[in-house]
Amino acid sequence: MRAVLRAHGQPRWYQPGEIMMLHGSAADVVMLIEHGVVKVAVTAVDGRTTVLAYRCAGDVIGEMGVVDRGTRTATVVAVDRVRVSVIPASAFLSEVRSRPDVAASIMSTLVVRLRDADRERVLGPRTPARARIARKLLELIDRRGRSVADGAVIEIRLTQQDLAAAAGVGLRSASRELPRLRHLGLIDYTRGHFTVLDPAGLARVANELNVSD
(Lines give C-alpha, C1' and ligand atoms only; values in the text may rest on other atoms or scores of the structure.)
Protein backbone atom coordinates (compact mmCIF):
# COMPACT_ATOMS: atom_id res chain seq x y z
CA MET A 1 0.00 0.00 0.00
CA ARG A 2 2.75 2.47 0.91
CA ALA A 3 4.44 2.12 -2.48
CA VAL A 4 1.11 2.75 -4.23
CA LEU A 5 0.46 5.91 -2.22
CA ARG A 6 4.05 7.11 -2.52
CA ALA A 7 3.74 7.02 -6.31
CA HIS A 8 1.10 9.77 -6.07
CA GLY A 9 2.89 11.81 -3.41
CA GLN A 10 4.99 14.94 -3.33
CA PRO A 11 7.75 15.09 -0.70
CA ARG A 12 7.57 17.73 1.99
CA TRP A 13 9.55 18.46 5.14
CA TYR A 14 8.18 19.87 8.40
CA GLN A 15 10.20 21.37 11.22
CA PRO A 16 9.69 20.50 14.93
CA GLY A 17 6.56 22.17 16.27
CA GLU A 18 5.15 22.95 12.82
CA ILE A 19 1.44 22.26 12.30
CA MET A 20 0.88 19.73 9.52
CA MET A 21 -2.89 19.40 9.76
CA LEU A 22 -5.26 21.70 11.65
CA HIS A 23 -8.39 20.61 13.48
CA GLY A 24 -11.44 21.76 11.54
CA SER A 25 -9.62 22.44 8.28
CA ALA A 26 -10.49 20.85 4.95
CA ALA A 27 -9.35 17.25 4.52
CA ASP A 28 -7.86 17.61 1.07
CA VAL A 29 -4.71 15.48 1.38
CA VAL A 30 -3.41 12.31 3.00
CA MET A 31 0.15 12.06 4.25
CA LEU A 32 2.47 9.08 4.41
CA ILE A 33 5.14 9.62 7.05
CA GLU A 34 8.55 8.77 5.63
CA HIS A 35 10.73 9.99 8.50
CA GLY A 36 10.20 11.36 11.98
CA VAL A 37 7.42 11.44 14.56
CA VAL A 38 4.19 13.44 14.67
CA LYS A 39 1.74 14.16 17.46
CA VAL A 40 -2.03 13.92 16.93
CA ALA A 41 -3.91 16.07 19.44
CA VAL A 42 -7.20 17.79 20.21
CA THR A 43 -7.83 20.81 22.39
CA ALA A 44 -11.03 21.06 24.42
CA VAL A 45 -13.01 24.27 24.91
CA ASP A 46 -11.40 24.66 28.34
CA GLY A 47 -7.97 24.75 26.69
CA ARG A 48 -6.86 21.33 27.84
CA THR A 49 -4.96 19.38 25.17
CA THR A 50 -5.20 15.62 24.84
CA VAL A 51 -2.64 13.76 22.75
CA LEU A 52 -4.52 11.05 20.88
CA ALA A 53 -1.50 9.33 19.39
CA TYR A 54 2.03 9.54 18.14
CA ARG A 55 2.59 8.39 14.57
CA CYS A 56 5.89 7.51 12.95
CA ALA A 57 7.51 6.40 9.69
CA GLY A 58 5.25 4.11 7.68
CA ASP A 59 2.01 5.47 9.16
CA VAL A 60 -0.68 7.17 7.08
CA ILE A 61 -2.36 10.23 8.57
CA GLY A 62 -5.37 12.26 7.49
CA GLU A 63 -7.19 9.40 5.81
CA MET A 64 -10.28 9.50 8.03
CA GLY A 65 -11.29 13.01 7.03
CA VAL A 66 -10.70 12.20 3.35
CA VAL A 67 -12.72 8.99 3.45
CA ASP A 68 -15.78 10.62 5.05
CA ARG A 69 -15.27 13.88 3.12
CA GLY A 70 -15.36 15.82 6.36
CA THR A 71 -12.94 18.14 8.10
CA ARG A 72 -9.88 17.35 10.19
CA THR A 73 -10.87 15.87 13.55
CA ALA A 74 -7.51 16.61 15.19
CA THR A 75 -4.39 18.72 14.83
CA VAL A 76 -1.16 17.03 13.73
CA VAL A 77 2.15 18.58 14.80
CA ALA A 78 5.70 17.56 13.91
CA VAL A 79 7.58 16.37 17.01
CA ASP A 80 10.96 16.34 15.30
CA ARG A 81 12.02 16.98 11.70
CA VAL A 82 9.46 15.11 9.61
CA ARG A 83 9.40 14.12 5.95
CA VAL A 84 6.11 13.04 4.37
CA SER A 85 4.69 12.15 1.00
CA VAL A 86 1.64 14.34 0.43
CA ILE A 87 -1.07 12.55 -1.56
CA PRO A 88 -4.06 14.48 -2.97
CA ALA A 89 -7.42 13.28 -1.69
CA SER A 90 -8.61 12.51 -5.23
CA ALA A 91 -5.64 10.21 -5.90
CA PHE A 92 -6.04 8.50 -2.54
CA LEU A 93 -9.76 7.84 -3.06
CA SER A 94 -9.14 6.60 -6.58
CA GLU A 95 -6.71 3.98 -5.28
CA VAL A 96 -9.08 2.96 -2.50
CA ARG A 97 -11.87 2.42 -5.02
CA SER A 98 -9.80 0.54 -7.60
CA ARG A 99 -7.42 -1.48 -5.41
CA PRO A 100 -8.99 -3.93 -2.92
CA ASP A 101 -5.59 -4.41 -1.21
CA VAL A 102 -5.28 -0.68 -0.53
CA ALA A 103 -8.89 -0.48 0.69
CA ALA A 104 -8.38 -3.48 2.99
CA SER A 105 -5.19 -2.02 4.46
CA ILE A 106 -6.83 1.34 5.15
CA MET A 107 -9.91 -0.35 6.62
CA SER A 108 -7.74 -2.47 8.91
CA THR A 109 -5.91 0.60 10.19
CA LEU A 110 -9.14 2.52 10.82
CA VAL A 111 -10.71 -0.43 12.64
CA VAL A 112 -7.71 -0.74 14.97
CA ARG A 113 -7.78 2.98 15.74
CA LEU A 114 -11.53 2.99 16.35
CA ARG A 115 -11.24 -0.09 18.57
CA ASP A 116 -8.53 1.63 20.61
CA ALA A 117 -10.72 4.73 20.92
CA ASP A 118 -13.69 2.64 22.06
CA ARG A 119 -11.54 0.91 24.67
CA GLU A 120 -10.41 4.28 26.00
CA ARG A 121 -14.01 5.47 26.28
CA VAL A 122 -15.02 2.32 28.18
CA LEU A 123 -12.00 1.96 30.45
CA GLY A 124 -11.11 5.63 30.82
CA PRO A 125 -13.48 6.54 33.66
CA ARG A 126 -12.54 3.38 35.59
CA THR A 127 -8.80 3.53 34.99
CA PRO A 128 -6.66 5.37 37.56
CA ALA A 129 -3.93 7.76 36.51
CA ARG A 130 -1.14 5.33 37.36
CA ALA A 131 -2.56 2.64 35.08
CA ARG A 132 -3.19 5.11 32.25
CA ILE A 133 0.40 6.36 32.42
CA ALA A 134 1.74 2.79 32.50
CA ARG A 135 -0.39 1.84 29.49
CA LYS A 136 0.81 4.85 27.51
CA LEU A 137 4.47 4.14 28.31
CA LEU A 138 4.08 0.56 27.13
CA GLU A 139 2.38 1.73 23.94
CA LEU A 140 5.20 4.17 23.23
CA ILE A 141 7.83 1.51 23.89
CA ASP A 142 6.05 -0.78 21.47
CA ARG A 143 5.93 1.84 18.71
CA ARG A 144 9.04 3.93 19.38
CA GLY A 145 11.18 1.89 21.77
CA ARG A 146 14.83 0.95 21.52
CA SER A 147 16.45 -1.79 23.59
CA VAL A 148 19.21 -0.69 25.97
CA ALA A 149 21.21 -2.51 28.63
CA ASP A 150 18.69 -1.91 31.43
CA GLY A 151 15.42 -2.02 29.49
CA ALA A 152 13.91 -0.08 26.61
CA VAL A 153 14.05 3.67 26.02
CA ILE A 154 11.35 5.69 24.27
CA GLU A 155 12.89 7.44 21.28
CA ILE A 156 10.64 10.48 21.59
CA ARG A 157 11.59 13.38 23.86
CA LEU A 158 8.69 13.76 26.28
CA THR A 159 8.12 16.21 29.08
CA GLN A 160 5.91 15.16 31.97
CA GLN A 161 3.26 17.45 30.44
CA ASP A 162 3.55 15.59 27.11
CA LEU A 163 3.13 12.23 28.82
CA ALA A 164 0.22 13.48 30.92
CA ALA A 165 -1.57 14.75 27.79
CA ALA A 166 -0.91 11.48 25.96
CA ALA A 167 -2.20 9.42 28.89
CA GLY A 168 -5.25 11.62 29.39
CA VAL A 169 -4.38 12.63 32.96
CA GLY A 170 -3.60 15.92 34.63
CA LEU A 171 -0.04 17.14 35.12
CA ARG A 172 -0.49 16.95 38.90
CA SER A 173 -1.42 13.27 38.65
CA ALA A 174 1.54 12.54 36.38
CA SER A 175 3.90 14.37 38.73
CA ARG A 176 2.60 12.23 41.60
CA GLU A 177 2.57 8.85 39.85
CA LEU A 178 5.83 8.94 37.90
CA PRO A 179 8.04 9.01 41.02
CA ARG A 180 6.01 6.08 42.41
CA LEU A 181 6.61 4.04 39.25
CA ARG A 182 10.30 4.88 39.48
CA HIS A 183 10.41 3.90 43.16
CA LEU A 184 8.90 0.52 42.22
CA GLY A 185 11.78 -0.01 39.80
CA LEU A 186 9.48 -0.04 36.77
CA ILE A 187 10.72 3.06 34.94
CA ASP A 188 13.40 5.73 34.98
CA TYR A 189 13.38 9.16 33.39
CA THR A 190 15.63 12.16 33.02
CA ARG A 191 15.50 15.29 30.87
CA GLY A 192 12.75 14.11 28.59
CA HIS A 193 13.94 10.54 28.17
CA PHE A 194 11.83 7.70 29.59
CA THR A 195 13.14 4.15 30.05
CA VAL A 196 10.97 1.16 30.90
CA LEU A 197 13.01 -1.07 33.20
CA ASP A 198 10.43 -3.79 33.87
CA PRO A 199 7.86 -4.17 31.05
CA ALA A 200 6.10 -7.10 32.74
CA GLY A 201 5.73 -5.21 35.99
CA LEU A 202 4.54 -2.10 34.19
CA ALA A 203 1.98 -4.20 32.29
CA ARG A 204 0.55 -5.42 35.60
CA VAL A 205 0.09 -1.81 36.68
CA ALA A 206 -1.45 -0.93 33.31
CA ASN A 207 -4.08 -3.65 33.75
CA GLU A 208 -5.21 -2.49 37.18
CA LEU A 209 -8.60 -0.83 37.36
CA ASN A 210 -8.24 0.29 40.96
CA VAL A 211 -5.04 1.63 42.42
CA SER A 212 -4.99 2.75 46.00
CA ASP A 213 -3.01 5.85 46.90
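1. Helices (H or I, at least four residues) and strands (E, at least two) are DSSP runs, numbered from the N terminus. Just after one of these helices, α6, glycine 168 adopts a positive phi of about 75°.

2. The model is a predicted one, in which local features need pLDDT of at least 70 and side-chain atom pairs count only at pLDDT 80 or more, while totals for chains, interfaces and linings use all residues. Residues are numbered from 1 along each chain as its sequence is written, and side-chain values use heavy atoms, with hydrogens and water left out.

3. Helix α6, which spans residues 160-167, is mostly covered, since 6 of its 8 residues are buried (under 20% relative accessible area, with exposed meaning over 50% and partly exposed in between, for a 1.4 Å probe and protein chains only). The buried residues of α6 are Asp162, Leu163, Ala164, Ala165, Ala166 and Ala167, and what covers them includes β4 (37-43), β5 (49-56), α5 (129-144), α7 (171-183) and β12 (193-196).

4. Helix α5 has 16 residues and reaches 22 Å from its first C-alpha to its last, close to the 22 Å expected at 1.5 Å a residue (the expected span is 1.5 Å times one less than the number of residues). Among the buried residues of α5 are Arg130, Arg132, Arg135 and Lys136, together with Leu137, Leu140 and Ile141.

5. The structure holds 1 aromatic pair (rings of Phe, Tyr and Trp, the last by its six-membered ring, pair if their centres lie within 6.5 Å; planes under 30 degrees apart count as stacked, over 60 as edge-to-face and the rest as tilted). Tyrosine 189 and phenylalanine 194 form this pair, which is stacked, with 5.4 Å centre to centre and 25° between the planes. Tyrosine 189 counts as buried because its relative accessibility is 13%, and phenylalanine 194 is buried with a relative accessible area of 4%.

6. The charged end of arginine 182 sits over the ring of tyrosine 189, 3.8 Å from its centre (NZ of Lys or CZ of Arg must be within 6 Å of the ring centre and within 35 degrees of the ring normal). Arginine 81 lies over the face of tryptophan 13, at 4.1 Å from the ring centre.

7. An open sheet of 4 strands runs in the order β1-β8-β3-β6 with antiparallel pairing (two strands pair if DSSP finds at least two bridges between them). Its edge strands, each pairing on one side only, are β1 (10-14) and β6 (60-61). Strand β8 (residues 82-88) pairs with β1 over 5 bridges in the antiparallel sense, and valine 82 in β8 is the bridge partner of tyrosine 14.

Note on methods:
Contact = heavy atoms within 4.5 Å.
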